[in-house]
Each structure stands twice: as structure tokens, then as C-alpha cells.
Amino acid sequence: MGGRVGELCGEELARGKENRPPDPLDGLDAVTTWGAWHHWRSGGKSPQQARAAMEATVLNLLAAGDHPRG
């Protein structure tokens, strides 16, 4: 799982690995699927709003390792 996502985000995933929640690839995989896009679009978001929601979610998952857990 997360093969393509892991390739695309490998550098970001490598940073802060010790502080990151276990396997962020699962979260990244979930929010970059057609199902997530469809959920946002069928809920009334415009393509631009859906893109912004996906972008914000991905960036937050990648940034999770930049902050200590606890």
C-alpha cells in the first residue's frame, strides 16, 4: 500500500520519522483516493474546494512528524 504515494512523498516522510504517527501512508492513501474526492464533491464542494481540502489534509499528514507527539 502507498507505493505511488510513498514515491511521491518519500522525502517528506523521511523527515521527522521518529515523531510521526505510525504509518502515515495509510492516511495519505485514504485521502488521495477517488472515494475521498467523491465524498467532498458529492457533499457540495466545488472542484477547487475539494482540491483545497485534499491538499490541506495531505500537508497536515506530512507535517505530523514535524511536531513531537505527546
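This is a predicted model: local features need pLDDT of at least 70, side-chain atom pairs count only at pLDDT 80 or more; totals for chains, interfaces and linings use all residues.

Residues are numbered from 1 along each chain as its sequence is written, and side-chain values use heavy atoms, with hydrogens and water left out.

For accessibility, buried means under 20% relative accessible area, exposed means over 50%, and partly exposed is in between, with a 1.4 Å probe and protein chains only. Of the 70 residues of the chain, 26% count as buried. A contact means heavy atoms within 4.5 Å. Among contacts with a separation of 6 or more, 53% come from residues 24 or more positions apart.

Back to threonine 57. It counts as partly exposed because its relative accessibility is 26%. Leaving aside neighbours within four places in sequence, threonine 57 contacts Val31 and Trp40. Glycine 27 is 30 residues from threonine 57 in sequence, and the C-alpha to C-alpha distance is 9.1 Å.

That takes us to the pair α3 and α5. Two packed helices are described by the angle between their axes and the distance between the axes. The axes here are lines fitted to C-alpha atoms over the stretch in contact, and angles run from 0 to 180 degrees between N-to-C directions. For α3, residues 24-31, and α5, the axes come within 10 Å and cross at roughly 175 degrees. So α3 is roughly antiparallel to α5, a label given to angles over 145 degrees.

Which residues meet there? From α3 they are Gly27, Leu28 and Val31; from α5, Met54, Thr57, Val58, Leu61 and Leu62. By class, that contact has six nonpolar residues, two polar and no charged. The classes are: Ala, Val, Leu, Ile, Met, Phe, Trp, Tyr, Cys and Pro nonpolar; Asp, Glu, Lys and Arg charged; the others, Gly among them, polar.

In α3 itself, Pro24, Leu25, Leu28 and Val31 are buried. These buried residues line one face of α3, because they fall within an arc of 135 degrees seen down its axis, the arc being that of the directions from the helix axis to the C-beta atoms.

Next, charges. A salt bridge is a side-chain nitrogen of Lys or Arg within 4 Å of a carboxyl oxygen of Asp or Glu. The count by this rule is one. It joins the side chains of arginine 51 and glutamate 55, at 3.0 Å from N to O. The two are four residues apart in helix α5, so about one helical turn separates arginine 51 from glutamate 55. Arginine 51 is exposed at 54% relative accessibility, whereas glutamate 55 is partly exposed at 39%.

Last, histidine 38, which sits in helix α4, residues 34-42. Histidine 38 is partly exposed, at 43%.

Technical notes
Angles under 35 degrees count as roughly parallel, over 145 as roughly antiparallel, 65 to 115 as roughly perpendicular and the rest as oblique.
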